[in-house]
Amino acid sequence: MVSGVIKVDALLEKMTLELQNYLKAKQIDNPMIIGIRTGGVWVAEALQKSLELDSPMGVLDIAFYRDDFTRMGLHPKVQPSILPTATEGRHIILVDDVLMSGRTVRAAMNEIFDYGRPASITLATLIDLNRRELPVQADVIGEVMLLDAGERVKLTGPQPLSIEISKRAD
Amino acid sequence: MFEQQDPNQIQLNSEGQLKHFLTTEGLSRELLSEILDTADSFVDMSAQQVKKVPLLRGKTVVNLFFEASTRTASTFELAAKRLSADVLNLNISTSSTAKGETLRDTLMTMEAMHSDMFVVRHSDSGAQHYIAENVTPNVAVINAGDGRHAHPTQAMLDMLTIRQHKGDFSPLKVAIVGDILHSRVARSQIHALRTLGAAEVRVIAPHTLLPRHIEALGVQVYTDMNQGLKDVDVVMMLRLQRERMLSALLPSEAEFYKLYGLSEDKLKHAHPDAIVMHPGPINRGVEIESAVADGPRSLILNQVTNGIAVRMAVMSMSMSGQTTEAQRRAEQQASSAE
């Protein structure tokens, strides 16, 4: 059951502004945006456009890097990661739609490091559920959401992007 | 020979996931498709600059080859290494068993090294099944060819190659040509093709190289190559062992080539878009003409590439199935202790 739908345009505007300030403060020029499949790619595409970045965007599928693979199995349709330019020495903005435990971001960073050592990684997420299990936190956040037990959040898209909050049926 | 039970009682866990990979026989279309889908993901990954993923990091894979093999052993080794496993290669035919050690003793020795997976090739049909039944829980067994019985990863890499080039199996007429009698590859191919829904599976061979009652597997039998190839979409050649000639099942290599070797002339009987496959290594001028083997319809090298991806898929799926089963057992024990 869907109990709420939030439009994300305002959140993306806020993230763009915060990222611009963040990059300026850190003196980061020409960063490379990498989105985590699937929702993170949609958010990354929007940020790539609003930040008017020249460098082509990267896409990560972290399925082969998940730490719960032996418990959950492998999704049979894993798409390849695409990093169009070298990551070695680059400043990277890693983008996901929802930050929960931090395990997806950890897996994504492991994968990025398999391609080379970036100069820095900035984490941007549309929603932070504040349920960290690892010392991973975002530098730029669209909105912090504290969900009730049994509530779930999902980004739907790619056009238009919306956040759906639903209650799990018992 | 080892006695056999229903293979799926042992190769699937209680949730229907792959726990060992012993045979394509009896596996569902859904599971075979899942293997192909997973392998497809690994094909894409192998085209990337970094060809290694951490799925089996910390796991130890032992390649136990009781029968010589270069190609299969090396693709299994590469597949395990691309999954970040530690790999131990043992050619048992020249070591332990030659000193009188039994299969069970060899197994127990390997288990004591805390191995997580055995990739086994053995000349006795059913040896891998026996190993899977007797191995410590949480160790996966992958069949890399047993006697005349099965070579399931070879069959699945063939299925992947067909699917990549033909898409849907349902309209396909497929011919398997050569030494059907001694071929574990042919048996596994037939089971996989029938399960995946190929319209027609034909076997083409001389009477001396056809098993009795092969029709019971749901195939059409041809002893004439030109008739058998008529309008087929896929031609799968088999390797001819030279010792068959010595055991007088065939008059000569030249005679075999004349009647059953795949030449461009014979291939004209097949569908104009027909693809040609061979598990390798090929005997040029015995099973296949060089012009066909190296020609535009040949997918022999694609098969080698797909072999690594299929073996990565099967290894990762069976390791995951082992863990899920172990968890289920642990949960059962915990609930019964309460």
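With a relative accessibility of 54%, Asp294(B) counts as exposed. The structure described here is a predicted model, and in it the side chain of Asp294(B) meets that of Arg284(B) in a salt bridge with an N to O distance of 2.8 Å. Asp294(B) is placed in the loop between α12 (290–293) and α13 of chain B, whereas Arg284(B) belongs to the loop between β9 (275–277) and α12 of chain B, so the pair ties together parts that are 10 residues apart in sequence. Arg284(B), at 44% relative accessibility, counts as partly exposed.

Over all chains, a search of the whole structure finds 14 salt bridges. One of these links Asp61(A) to Arg37(A), with the closest N and O atoms 3.7 Å apart. Because Asp61(A) lies in the loop between β3 and α3 (69–72) of chain A and Arg37(A) in the loop between β2 (32–36) and α2 of chain A, this pair ties together parts that are 24 residues apart in sequence. Asp61(A) is buried, its relative accessible area being 14%, while Arg37(A) is partly exposed at 24%. In chain B, the side chains of Glu77(B) and Lys81(B) form a salt bridge at 2.7 Å, N to O; both residues lie in helix α3 (residues 71–82) of that chain, four residues apart, or about one turn of the helix. Glu77(B) has a relative accessible area of 21% and is partly exposed, as is Lys81(B) at 36%.

Between the two chains, 19 residues of chain B are in contact with 15 residues of chain A. The area buried between them is about 1600 Å², with carbon and sulfur atoms giving 61% of it. One salt bridge is counted between chain B and chain A, formed by the side chains of Asp37(B) and Lys77(A) with an N to O distance of 3.7 Å. On the side of chain B that touches chain A, the elements giving two or more residues are α2 (29–46) and α13 (300–337) of chain B, and α2(B) gives the most, with seven residues. The residues of this side divide into seven nonpolar, eight polar and four charged. A network of salt bridges links Lys77(A), Asp37(B), Asp40(B) and Arg163(B).

Arg163(B) is among the buried residues of α6(B). For this helix (residues 152–166), 15 residues at 1.5 Å a residue should span 21 Å, and the end C-alpha atoms are 20 Å apart, which agrees. Since 12 of the 15 residues are buried, α6(B) is largely enclosed by the rest of the structure. Just after the helix, Gly167(B) adopts a positive phi of about 75°.

Two further positions in chain A were examined. Met57(A), in the loop between α2 (39–50) and β3 (58–60) of chain A, is buried with a relative accessible area of 17%. Beyond residues up to four places away in sequence, Met57(A) touches Ile33(A), Val41(A), Ala44(A), Glu45(A), Gln48(A) and Pro84(A). Glu143(A), found in strand β6 (residues 140–144) of chain A, counts as partly exposed at 30% relative accessibility. With neighbours within four places in sequence left aside, the contacts of Glu143(A) are Ile6(A), Leu11(A), Leu126(A), Ile127(A) and Asp128(A).

Methods:
Residues are numbered from 1 along each chain as its sequence is written. Chains are lettered from A and ligands numbered from 1 in the order in which they are written. This is a predicted model: local features need pLDDT of at least 70, side-chain atom pairs count only at pLDDT 80 or more; totals for chains, interfaces and linings use all residues. Side-chain values use heavy atoms; hydrogens and water are left out. Contact means heavy atoms within 4.5 Å. Buried area is the accessible area (1.4 Å probe) that two parts lose on being put together, summed over both. A salt bridge is a side-chain nitrogen of Lys or Arg within 4 Å of a carboxyl oxygen of Asp or Glu. Ala, Val, Leu, Ile, Met, Phe, Trp, Tyr, Cys and Pro count as nonpolar, Asp, Glu, Lys and Arg as charged, and the others, Gly among them, as polar. The expected span of a helix is 1.5 Å times one less than its number of residues. Buried means under 20% relative accessible area, exposed over 50%, partly exposed in between (1.4 Å probe, protein chains only).
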